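Could you walk me through this structure from the whole chain down to single residues?

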Amino acid sequence: MKRQVLTLAISATLALGASAATKTINVTLAPSDSAAVIAPEIYGQFTEHLGSCIYGGIWVGEDSPIPNTQGYRNDVLQAIRDLKVPVMRWPGGCFADEYHWEDGIGPKEERPRMINTNWGGTVEDNSFGTHEFLNLCEMLGVEPYISGNVGSGSVRELNEWVEYMTAPDGPQARRRMANGRKEPWHLKYLGIGNETWGCGGNMLPEYYADIYRQYATYCRNYPGNKLFKIASGSNGSDTNWTDVLMKKAHRHMDGISVHQYCVDNWNDKGQALEFTDDDYYWLMGKAYEMDGVLTDHSKVMDKYDPAKRVGLMVDEWGTWWNVEPGTNPGFLYQQNTLRDAMVAALTLNVFHNHADRVKMANIAQFANVLQAMLLTKDDKMVLTPTYYVFKSYIPHQGARHIPLTSDAPMLDVSKGRTVPEVSVTASEKDGVTTISLVNISLADKQTVNIDLAGIDASKVTGEIITASDVHAYNDFDRAEQVTLAPFKDAKIKKGVLTVEMPAHSIVTLSLTK
Ligand code: AHR
């Protein structure tokens, strides 16, 4: 799928071959003690039993020739640590609503097998189960986020899973102990169903709201553990779903999810590596649509929960392309270019602007599936451009958001969608101000002047993610094409930070006294 139609705003500078310009943009920071703190969980990951996300991507088993620690790939463990992953969602996705947790405990050779009907019809041997997931999280200091089976499970099954994982004593705790784990694990985040409007049961919101209340009732808080219960939320912009759920069940939930993928045509989603300039700009507009989606859901939530107690959890988001040629269509394996990195940065900036309501986000998915952080092939691993965005944004985790105003022009990209030509976000933690900038333009450099509004900073250091071609990507057996590089083109003078940005680039700056 290639887009032919160019919008006026873009065609003027690109399609007609006009030479690249340097534009100027002015930004003013407005620090406020009452601004929201950016939940670290916005930088969450999603790990589903899908393709080689779990098997091969994270888990290879203790007997594998691939270097591993207790069955987890060593290279991937290090990548997770380096990324300071705050939370991981598991076991799905659509898989979660066919997953029966008891199949994934006890001696591996006795674990029943099942067909992964959602994802390629492969045989799931259940060798990666509750212990393997929760031990991984514990080892790495990652919050686990369990997605419970509502679609084909039962209230009792989910009730007993929670007991197995978190009760200090009792029948399920004793089963856990018999399987080698004495102490309960810590479990905060529990999802009650996934996409219950679709693969999780094709329910209507009124029906699911009642089901949610029923299931949530029996997901108990055992001594020393308090669950944060998350209702299965809407498909993109469907605010009616949020309205019904909030009206009928908000007192029973701590969070409600929303899923928003960057897809235009589900029958032909386009290829990760092949795209025109128009495809690129369409995607930037689609990614920025997240802002409107969050605004609309937040408005609905404000009606029932003006104090913003209930979090909006974007527990699936990202780019979704046709699979790479020659790979299993059910495995959702795609490459990842600088274009995907631009989507990641733009979307994280949007999340920051909604930090008062958005309390978690989980990009789909961590390894080898959709907009992945990393790709693996046998014993090899590559880090994607998207990984480097998450890495450079680490200082924003848990930092206080700094509101700002900007005169960046809005590009009119397609079908009424717009996107700021330059997106800027800022935050502060422990005396360090972090500013990230995304220059969407494929052609133009930008001079960005940022009025620091009295922030006491004289030193600036930075990193940049860019490449000469926005199609650049990282692959096995060659040097990285897209990575983090030191950035020097920023200076502070008389309280104004001036940044000289190349086209299609992402810059993160650290400001100190
Ligand atoms: O991330 C892939 C799939 O997308 C998930 O399993 C499902 O929840 C969504 O439709």
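Predicted model: local features only at pLDDT ≥ 70, side-chain atom pairs only at ≥ 80, totals over all residues.

Residues are numbered from 1 along each chain as its sequence is written, and side-chain values use heavy atoms, with hydrogens and water left out.

Let's begin with the overall picture. The chain holds 10 helices and 27 strands; these are DSSP runs numbered from the N terminus, with helices (H or I) of at least four residues and strands (E) of at least two. Along the principal axes, the C-alpha atoms fill a box of roughly 70 × 50 × 45 Å.

How much of the chain is buried? Of the 513 residues, 60% count as buried, meaning under 20% relative accessible area, while exposed means over 50% and partly exposed lies in between (1.4 Å probe, protein chains only). The chain exposes about 19,400 Å², and carbon and sulfur atoms supply 50% of that. Such areas come from the Shrake-Rupley method with a 1.4 Å probe, and for residues only the protein chains shown count as cover. Among contacts (heavy atoms within 4.5 Å) with a separation of 6 or more, 76% join residues 24 or more positions apart.

Now look for the ligand. Its surroundings include Phe46, Glu48, Gly93, Cys94, Trp119, Asn194, Glu195 and Gln365; a residue is near a molecule if one of its heavy atoms lies within 4 Å of it. An N or O atom in the side chain of Glu48 is 2.7 Å from an oxygen atom of the ligand. For Asn194, a polar side-chain atom lies 3.1 Å from a ligand oxygen, and for the side chain of Gln365 the distance from an N or O atom to a ligand oxygen is 3.0 Å. The ligand taken alone exposes 290 Å², of which the protein buries 94%.

Gly93 itself is placed in the loop between E5 and E6, and the peptide bond from Gly92 to Gly93 is cis, with omega near 10 degrees. Pro91 is in the loop between E5 and E6 too, and the bond from Trp90 to Pro91 is cis, with omega near 5 degrees. For background, most peptide bonds are trans, and most residues other than glycine have a negative phi. Leu332 has a positive phi, near 50 degrees, and lies in the loop between E12 and helix H9 (338–353).

Next come two helices. H6 (residues 205–217) has 13 residues and reaches 18 Å from its first C-alpha to its last, close to the expected 18 Å; the expected span is 1.5 Å times one less than the number of residues. Its buried residues include Tyr208, Ile211, Tyr212 and Tyr215. Their cover includes helix H4 (155–166) and strand E10 (228–235). In H4, 11 of the 12 residues are buried, so this helix is largely enclosed by the rest of the structure. The buried residues of H4 pack against several elements, including helix H3 (130–140), strand E8 (143–148) and H6.

Last, visit Asp305, in the loop between helix H8 (277–304) and strand E12 (311–319). Asp305 is buried, with a relative accessible area of 6%, and its side chain reaches the backbone nitrogen of Val310 at 2.7 Å.

Terms used
Polar contact = N/O pair within 3.5 Å; in protein donor to acceptor, adjacent residues only side chain to side chain.
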